[in-house]
Amino acid sequence: MPRPFRFGVSLTVPAPAAEWRAKCRRAEELGYDVIHVPDHLGMVAPFPALVAAAAVTERPRLGTFVLNTGFWNPALLAREVATTDALTGGRLELGLGTGYVRSELDAAGLPFGSPGERVDHLRRTVEEVDRLLGSDDHQPRPVQKRVPLMIGGNGDRMMQLTAEHADIAAFTGARLVPGSTTGRLTPVAPGELGESVARYRRLAEGRGEPAELNLLLQMVAVTDDRAAAVRPLVERLPDSTVEQALELPILLVGTVGQIVAQVLARRERFGFTYLTVLEPYMEAFAPVVAELGGR
């Protein structure tokens, strides 16, 4: 039997305190299982934002999606994780990635490094945070015996790290545009995403407990005219057709019934049972959450 679905929403838009609390409550009302925050300059600081979310909600788990590990020292990160887990009542999920937006590291006065150096730093961070939080001597202490770990990224070394350590394997369904320093991404076709999932599964064959597979969705459009909804995207993607755009795994386009069928198909084909939508699509995706949540 496949895992039951979980649905998350990534809150990407900074807001004053009252508005932030209101949209966190709204996410819970709509049935979302996880409230996520990203880790980018110009957006909210992840850990205080999650503590604020916890203060006005009861059920959703709270996740970083995902931390730019280049911003973080492992010892300081372990302190943040333990404190946040304690202040949220043990609802934290820790998402980590290498970071891919060079301009943000430049603005912070931090080294971006080569791809290999970024993966090395992520591995050191994962292993050191795990060691620190696993020690009874570490203060403060998290509530959870193990804070669930999500790792997101592509490439063989990232897949190996994810297979070794992650409770949740996150897939973006997109790749960085070569030469971009601002994090511009381009979507990948279903075949390429399928190959990534298959590569991860091969590396994770020896795991005792399979990881949960997450997919970040970039667009949800509830519409009777699927073609019209994706035409603006096709105009920005060279050599792409409307038909190809409608097949992209990171897009959900159609009536609510059609989108429900698309979500079920992604679980059947790729194994994705944990889907995250971006904040602008929180309301549009809510009927699907109501239909499939926990199934």
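Visitor: Which element gives the largest share of the lining of the largest cavity?
Guide: Rolling a probe the size of a water molecule over the atoms shows where empty space is left. On a 1 Å grid over the protein atoms alone, a cavity is a set of points where a 1.4 Å probe fits but cannot get out, and lining residues have an atom within 4 Å of a point. Here strand 7 supplies the largest share, three residues; strands (E, at least two residues) and helices (H or I, at least four) are DSSP runs, numbered from the N terminus. This is a predicted model, in which local features need pLDDT of at least 70, side-chain atom pairs count only at pLDDT 80 or more, and totals for chains, interfaces and linings use all residues. Residues are numbered from 1 along each chain as its sequence is written, and side-chain values use heavy atoms, with hydrogens and water left out.

Visitor: Which residues line the largest cavity?
Guide: The lining consists of Ile151, Gly152, Gly153, Met159, Thr162, Ala169, Ala170 and Phe171. Strand 6, helix 6 and strand 7 each give two or more of the lining residues.

Visitor: Which residues of helix 6 are buried?
Guide: Buried means under 20% relative accessible area (1.4 Å probe, protein chains only). In helix 6, residues 156-165, this applies to Met158, Met159, Leu161, Thr162 and Ala163. These buried residues pack against helix 5 (115-133), strand 6 (149-152), strand 7 (168-171) and helix 7 (190-203), where contact means heavy atoms within 4.5 Å.

Notes: Buried < 20%, exposed > 50% of the residue type's maximum accessible area, 1.4 Å probe, protein only. 1 Å grid on protein atoms, 1.4 Å probe; cavity = no way out; pocket = protein on both sides within 12 Å on 5 of 7 lines; lining within 4 Å.
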